[in-house]
Every structure is written in structure tokens, then in C-alpha cells.
Amino acid sequence: MTSQVDLDMVNLRLILVSGKTEDFTFSPNDSATDIAKHVFDNWPTGWEEEQVSSPSILRLIFQGRFLHGNVTLGALKLPPGRTTVMHLVARETLPEPNSHGQRNREKATESNCCLLL
């Protein structure tokens, strides 16, 4: 039987590039930085080959986007009591939050017009 506390928590299934997975439970108030630190401090058995030197290089990817450090699970509107899948990768830096969108806007201002007479 699931307790009420479990229903208020967010279950994350983290997937490494190697394909290994592990389930974790977090509060909706936990941020991407909190999650990285918790995973680093509780590195799963079986993930030894993927062990990193610092939690600061662990990055979460959700729906194809890197999560920046201060974003919380609650802000992502993840359903409590259900399992959400995210990728966990080791990466030193992150792209700027709107860098991809900025490139698209820059391309949109270019004109590739052709006039037929």
C-alpha cells in the first residue's frame, strides 16, 4: 500500500548514456542541483563505471532539454506519485536557456526571397 507521503513525492527514473537506470524519489521542491547532489551522494551500485568526480557536472535532461540548476520538479509540473523518466549525463557546461530559440529568431530575420518575373 502506498502512503500519502509517497503520493506527494515525484518518482524519477534516471537513465545514463550507457542505458543503466535507477529510480529515485524527490520532493516537488527539489531543484536540478539538489537532485544531482543527492544522486552523487547516493551513487547506485552498478553505476561504478560511470562515477563522476563532482555533482556539479551532473546534468538532467527532460523532454530533450537540459534542466538548469534552480528549476524545481514542481515548476516542471511533474505528476506526484508517478514515475517520470529523465536522462542523467556528465557535462561541464550547459547551453544558455534560450540559445536555441535565439538562433531560430536570427535565422527568421534572414531573407531568402526570390522574385519571378
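1. The structure holds 3 aromatic pairs, where rings of Phe, Tyr and Trp (its six-membered ring) pair if their centres lie within 6.5 Å, and where planes under 30 degrees apart count as stacked, over 60 as edge-to-face and the rest as tilted. This is a predicted model, in which local features need pLDDT of at least 70 and side-chain atom pairs count only at pLDDT 80 or more, while totals for chains, interfaces and linings use all residues. Residues are numbered from 1 along each chain as its sequence is written, and side-chain values use heavy atoms, with hydrogens and water left out.

2. Ring pairs link Phe24, Phe26, Trp43 and Trp47 into a cluster. Phe24 is buried at 10% relative accessible area, Trp47 is buried at 2%, and Trp43 is buried at 15%; buried means under 20% relative accessible area, exposed over 50% and partly exposed in between, with a 1.4 Å probe and protein chains only.

3. In helix 2, the buried residues are Ala32, Ile35, Ala36 and Val39. Seen down the helix axis, they fall within an arc of 100°, so they line one face of helix 2, the arc being that of the directions from the helix axis to the C-beta atoms. Their cover includes strand 1 (10-15), strand 2 (21-26), strand 3 and strand 5 (83-90).

4. The second largest pocket has about 160 Å³ of space; a pocket is an open set of points on a 1 Å grid over the protein atoms alone, where a 1.4 Å probe fits, with protein on both sides within 12 Å along at least five of seven lines, and lining residues have an atom within 4 Å of a point. Of its 13 lining residues, Thr33, Ala36, Pro55, Leu58 and Arg59 are the closest to the centre. Helix 2 (32-41) and strand 3 (58-62) each supply at least two lining residues, and helix 2 gives the most, with 4.

Terms used
Points joined across faces, edges and corners; volume = space filled by probe spheres on them. Contact = heavy atoms within 4.5 Å.
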